[in-house]
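Dear colleague,

I am passing on a structure that you have not worked with before, and I would be grateful if you could read the notes below beside it. They go through what was found, one topic at a time.

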Amino acid sequence: MFKMILKNLLIYILFLPLTGCLLLTFISSNNKKLLKLVALNFSCLTFICTLFLWVFFNKSTGIFQFVIKIFWLPNLNLNFILGVDGISLFFVVLTSLLIPLCFLISWNSIERNLKEYLISFLIMEFFLIGVFCILDLLLFYIFFESVLIPMFLIIGVWGSRERKIRAAYFFFIYTLLGSVLMLLSILYIYSEIGTTDYEVLLTFSFSKLEQNILWLTFFFSFASKVPMIPVHLWLPEAHVEAPTAGSVILAGVLLKLGTYGFIRFLLPLFPEACFYFSPFVYSLSALGIVYTSFTAIRQTDFKRIIAYTSIAHMNLVMLGIFSFNTIGIEGAILQSLSHGFVASSLFLIIGIVYDRHHTRIVKYYGGLVHVMPLYSFIFLFFTMANIGLPGTSSFIGEFLILVGSFKTNTSITFLGATGMVIGGCYSLWLFNRIIYGNLKTQYFNEFIDINKREFLTFFPLIIGTIFMGLLPNIFLAPIHFSVNFLIELMVF
Amino acid sequence: MILQIKEISIFSEIFLSISIIFLTLHGVFLSYNKFNKFLLLQNSILSLAVLILVMSSFLIFNEHLFILDYLSFNYSISNDYLSFLTKILIGVITIFFLLIIEQYLLDQKINHFEYILIILYSVLGLFLLCSANDLITAYLAIELQSLSFYLLAAFKKNSTFSIEAGLKYFILGAFSSGLFLFGASIVYGVVGSINFDDFKDLFFWLSPGNKFEFLQTNLLQFGLTFILISLFFKLALVPFHLWAPDVYEKSPTSSSFFFAVVPKIAIFVLLLRICYYSFFGFIDCWRYYIIIISFLSVLVGSFAGLEQRKLKSLMAYSSISHMGYLLISFSTGSIEGIQMLFNYIIIYMISGFCIWGIFILTRLKNNYSKKGNKDLGDLTLLKKSNKILAFVFSLTLFSVAGLPPMVGFFVKFGVFLSAIEASMYFVALFNILFSVISTFYYIRIIKILYFEKILVGKLYYPIKTEKFIIIFLFFYLFIFLFINPTFLYLISYKVSLLFF
């Protein structure tokens, strides 16, 4: 009995959020407490199921596990194939961890249209887990694009000020423009091979010219999600205008869609084109890290600084991916995960202060250590994690990436490391301005420290960061064989 | 002894025409005299018209029981799977169309019962067009349908807008029918026959050594071009599209609904019979300008739609761009092309029905200005008045824009798949980039429905339940077709097999 549940675990994980949606539609909009409880319960249940996925994962092999095949259109070779391997396992766990935290943080701050808010988040969870689990190229594309619709609605309806509409448009059209080119390549691949099943595609090899062109189209799509310079403009807008929970999901999971796409599809399917274009990617990533780090120093809006750090960290992940060795790719995956923890918590931190004072401008804050000591501790912890203090998870990620890319190209490593040093500059500046100094009583008079609900929101993230920083092998062991398999596919 | 009546092949059309005559007599005798106090008959004639259409569709659905041969009337009427499918589609959609516009007719005081009869006449014309197998039958059917359309566009006699729409449509439509006749006469002059089957026997496989090669003259291509241009006029393709936004905007909304949704498939049937059935050997001739016209249509439909403030012109430009996508798969010349064409046009009809149905059903409640047509701003915050309608509308718009996971993505993907399988890479590349541009004005409508920060939206009259159920039925069909599109694939595949 237990074995049968275990075999179909991915179906349960995928469809639990949808069941939550269905239940939510039957509850009246006035009963806000029940709505929030039902949503929170279903998302926590999904998280527990993904923990089962982690526990029963077989760490000694690189093949896909928990595979489920549902026949959709067998005559066209389009089937619904779900499966996890080492690379996607932790992204699934991260997604299902972050959604309950989003619900917790928006417990008191969303007043109008609460039901639609919760339903959008649950539908987005379904699509996100689907993106990471699906092993079929066309369905991956469908789920990849479908994430846009709930995110567009969340940014546009529950965002904070008028600029949100511009932000929603930017987000939507930047990402869509990149991905329609990917649709064309998927159609080409389908017409050449006759199927879009991932495991079949791995056995196929394209000619050099085909690889170059297909690589470019896939690159445009994933590059605007990562985001890389120069298609990064949607990120500061979308992050600033979205509500707190929207920013958490955007930073925590949606940016990882791009890097996951790179690791899963671009490296194994088009290896020669990856080698061919790697100087291009190196220069864009290095440019991204240095430029966005410098830009972040000059910002006045709290959320915008964190948004620019997200871009910098994601471009560092790109450096790690294109280093083409085990250490680099493992560092990239680990840095993605750690960025998922750290950046989400930084957005949660800003959300707490925004709930109380409704402004994000750094000038108005000062000396919060005197009145919010617990909050200052958590802020200090995550600022240090953002910089890359040894002992926190992002140090491990950055270190592995820099070691891996040092093997391939030393000057790019130098530029990337420079960017990380500048990262220390703006993080410490931000922390100093807000937390230390004197209280700016000409702007605010009343201060409340974080309550139990908000502290418990941070608790799993703090635990995750510490464990990943001190015992990274817990996270590295499952992905080891999958990354080895990937590199074998590329190089041999 | 088997009784063979030659006229049984157009039995449903005969039934339809006799019942229209009966309805006319009924209406005239009942309402145009002082004794009955000039009774207003629209509702009863509407219900009777729905009944008649249901019965004709039933007859068409069972035509395989009494129609024995595919060609009749000296090979000018064909009753194959293509005509069967398109007649059913047109009949069913017109039935639901008539059910939905009831309240609109009462509102706009279209008190003449002849409106319904003209719609029935145009349906008769469309039925004949679907089964036409030679040029003169096709011309007669196009004329019957177009004449009814001109009357439908100009029906509101006290509004200059409506009269202007009717006049524009009439002049341009008559001009294009003239072009059709000109092309048809040149083709007749070269070949000596007007029958599509004869064309197929002569021209289907044009190759060196074909003994009819002497007929492959430039004059024939010239005549064929005129026929195709006249059909592109009817479909409102660039550069023959300039009448469409004006006519759609200015006619009564129910007429625009009918123009936008129903006749396109019949004209595509005629285009398919001409290009794929009879003149397939000339594919290298007509293929290239169809590609250019499709590219221009998508370009104009995407860019010009960005500037529109009125809803009906916006839908006109969006239908121009959809016709562009249809022509992409039409120009491939392969089985997949025709299959994806049918997929796309069926989904286009269903989603067009949902969108135009919502336009017709939402009536603004304001006493200070009695303007007839809706702007973009008139849909403000529909989510507050009618949450479910806003939800249905936004999902249909996402599907029309071609975004996953809706079925509109699936059919657009099918169109581009057929283009890439025919190695038309640049065509697919540019058209898919323009489709992103047209996405913008669809999500702008969704923005207006959901995002505006004003406190009170516009007020609407409540919608009757049975009209709402109709829209919801089509919407459910949508969702079902995404989960299981096999049905759609099978019928379009069966149609496309007819041509090869």
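Leaving aside neighbours within four places in sequence, A:Lys440 is in contact (heavy atoms within 4.5 Å) with A:Lys363, A:Tyr364, A:Tyr365 and A:Gly366. The model is a predicted one, in which local features need pLDDT of at least 70 and side-chain atom pairs count only at pLDDT 80 or more, while totals for chains, interfaces and linings use all residues. Residues are numbered from 1 along each chain as its sequence is written, chains are lettered from A and ligands numbered from 1 in the order in which they are written, and side-chain values use heavy atoms, with hydrogens and water left out.

A:Lys440 belongs to the loop between helix H18 (410-435) and helix H19 (452-470) of chain A, where helices (H or I, at least four residues) and strands (E, at least two) are DSSP runs numbered from the N terminus. Its C-alpha atom is separated by 9.2 Å from that of A:Lys363, although the two residues are 77 residues apart along the chain. With 26% relative accessibility, A:Lys440 counts as partly exposed, on a scale where buried means under 20% relative accessible area, exposed over 50% and partly exposed in between (1.4 Å probe, protein chains only).

A:Lys225, by contrast, is buried, with a relative accessible area of 1%, and is found in helix H10 of chain A. Not counting residues up to four places away in sequence, A:Lys225 touches several residues, among them A:Phe144, A:Thr175, A:Trp234 and A:Gly258. A:Lys225 also lies over the face of A:Phe144, at 4.9 Å from the ring centre; for a charge to sit over a ring, NZ of Lys or CZ of Arg must be within 6 Å of the ring centre and within 35 degrees of the ring normal.

**Salt bridges**

The structure holds 13 salt bridges over all chains, each being a side-chain nitrogen of Lys or Arg within 4 Å of a carboxyl oxygen of Asp or Glu. In one of them A:Asp85 pairs with A:Arg264, with the closest N and O atoms 2.9 Å apart. A:Asp85 lies in the loop between strand E2 (78-84) and H4 of chain A, and A:Arg264 in helix H12 (residues 244-269) of chain A, so the pair ties together parts that are 179 residues apart in sequence. A:Asp85 is buried, with a relative accessible area of 3%, and A:Arg264 is likewise buried, with a value of 3%.

In chain B, B:Lys168 forms a salt bridge with B:Glu164, the closest N and O atoms being 3.3 Å apart, and both lie in helix H8 (residues 160-191), four residues apart, about one turn of the helix. The side chains of B:Lys250 and B:Glu164 meet in a salt bridge as well (2.9 Å, N to O). Since B:Lys250 lies in helix H11 of chain B and B:Glu164 in helix H8, this pair ties together parts that are 86 residues apart in sequence. Salt bridges that share partners join B:Glu164, B:Lys168, B:Asp246 and B:Lys250 into one network. The charged end of B:Lys250 also sits over the ring of B:Phe161, 5.5 Å from its centre.

**Where the chains meet**

The contact between the chains takes 32 residues from chain B and 37 residues from chain A. About 3300 Å² is buried between them, of which carbon and sulfur atoms give 81%; buried area is the accessible area (1.4 Å probe) that two parts lose on being put together, summed over both. The count of salt bridges between chain B and chain A is one, and B:Lys387 forms a salt bridge with A:Glu116, with the closest N and O atoms 3.4 Å apart.

**Backbone points to check**

Most residues other than glycine have a negative phi, and most peptide bonds are trans. A cis peptide bond joins A:Val226 and A:Pro227, with omega about -10°, and the bond from B:Val238 to B:Pro239 is cis, with omega near 0°. B:Ala236, which is not a glycine, has a positive phi of about 60°; B:Ala236 is found in the loop between H10 and H11 of chain B and is buried, with a relative accessible area of 2%.
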